[in-house]
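Let's take a walk through this structure together. We will stop at two places along the chain and look at each in turn.

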Amino acid sequence: MAGPLRRASTFCLLLVLALMARATWLAVAEADGYTSNPANARITIDRYAQPLGNILVGGQPVTGSVPTEGPLAFKRSYTDGPLYASLTGYTSQAYGSNQLESIFADLLDGSDPRLTGPVEALTDPLTRSRPAGGDVVTTIDPAVQRAGWAALGGRQGAAVAIDPATGRILGLVSTPSYDPSGITGRSKADERAWQALSADSGKAMVNGALRATYAPGSTFKLVVAAAALESGLYPNVDTPTASPNPYTLPGTRTVLTNENAAAPCANATLRTALEYSCNNVFAKAAADLGEAKLSAQAAKFGFNLEKLDTPVRAATSVYPAGMEPSQVALTGIGQFSVTATPLQMALVSAAVANDGVLMTPSTVSKLTDHSGRTVQEFAPAELGRVMSAQTAKQLQSAMVSVVTDGTGKAAAIPGLTVGGKTGTAQHGVDNSGLPYAWFTSWADDGKGHRIAVAAVVLNGSTDRDEITGGGLAGPVAKAMTAAYLKR
């Protein structure tokens, strides 16, 4: 009898050891997998067990937390939600999070290990508590943000304002927008709000400033002008060009005309061609430069860059490849398959204003813990040199002429030096869609402060003849510029 008992005891002991080994393996080797599994309800319960940290604009929180009933103690709330949704994104108990709320989720909910100081490191394992959530300090200037929002006036569009010297984004506006507060909980009202936003094909939730691309139209002529000067096609902006008016696209019988038939566009200088937005000059320059040179110059400005993080990743602005000569010519006026985000066109003006150096765009200056101690700082970083300082000075001068003597007069601001470029971009099958109205600019107050802005208005008027970049998008850029430099 002793033998069977001994064998049974040994077998039971082995089972216990196997169970202990398996438990140890789960607790150590696979702990992270279970902890991060979305199906683990404990993750959501822990995340909302205490108030989240905040996203700050101008030193003030534009987010908050409010108590709720049930297993989730708190939910997210927003101040001026529609105004800042393009910056913050949303965080929801039911639908997850995006944008800054998602990128810095660990910091905001207190689970970021950098929030644990020496005292917390000793006490937290004993109390099983996590530190208070940290804060995300943004670069957004509330006056600039509000000015852009008011100037868009409910029309569909977007605008971006940047400090050219640092790359810090001062304004990030996208309309239509939505209030993230309406989808932060798990109630029937939250569900209905989410369904309504989803039925809108996400239009209100699309970040039009960073995540949507449009044909840039004549604002792209700045890129062509930079390429023409950098390549030596023309020595300066005041040299007459060899540009017949009208211009026939290479290899075709298609004649390209200008919006203003009376404009002095025949063999015009680059300065005059920018003032009057002469299609013939820039289509001819694009054809003369060729795809390779134009693509290289566009890439320096940020086109075709797949990973441009602000830290929210921007959609890729595209300069196409594999084109026929006639198609290359059309890219010279920002048409064919050229696409750009408003951020990208703001970067074009920023590089011009910063004497040819492009800074990495960013909406976040630093991360802090709940007490204000800096956890991480985001210092200005150079993205690259786009053009020589001499070329940048030439373009600065020509862009000022656009505002003083050309199509951008509506953007002039007394007491400031303002340079700009208008654009009206055709789109849709056979250009059937209403044109996009663009304006990109920079301004200097003479005291060491500069700002670069790009704005696009998508539905400014049902009358095609009333859609112009200077008339619709120019006032948006002007308002944001004045809010920053005319305090």
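A disulfide is a pair of cysteine sulfur atoms within 2.5 Å. Keep that cut-off in mind as you look at this model, which is a predicted one. Searching the whole structure turns up one disulfide. Its partners are Cys 265 and Cys 278, with sulfur atoms 2.1 Å apart.

Are the two cysteines buried or exposed? A residue is called buried when its relative accessible area is under 20%. Cys 265 has 0% relative accessibility, so it counts as buried. Cys 278 also counts as buried, because its relative accessibility is 0%.

Now move along to helix H15, which covers residues 342–353. This helix has twelve residues and reaches 17 Å from its first C-alpha to its last, close to the 16 Å expected at 1.5 Å a residue. Twelve of the twelve residues of H15 are buried, so the helix is largely enclosed by the rest of the structure. Among them are Pro 342, Leu 343, Gln 344, Met 345 and Ser 349. After H15 comes Asp 355, whose phi is positive, near 55 degrees.

Terms used. Residues are numbered from 1 along each chain as its sequence is written. This is a predicted model: local features need pLDDT of at least 70, side-chain atom pairs count only at pLDDT 80 or more; totals for chains, interfaces and linings use all residues. Side-chain values use heavy atoms; hydrogens and water are left out. Buried means under 20% relative accessible area, exposed over 50%, partly exposed in between (1.4 Å probe, protein chains only). Helices (H or I, at least four residues) and strands (E, at least two) are DSSP runs, numbered from the N terminus. The expected span of a helix is 1.5 Å times one less than its number of residues.
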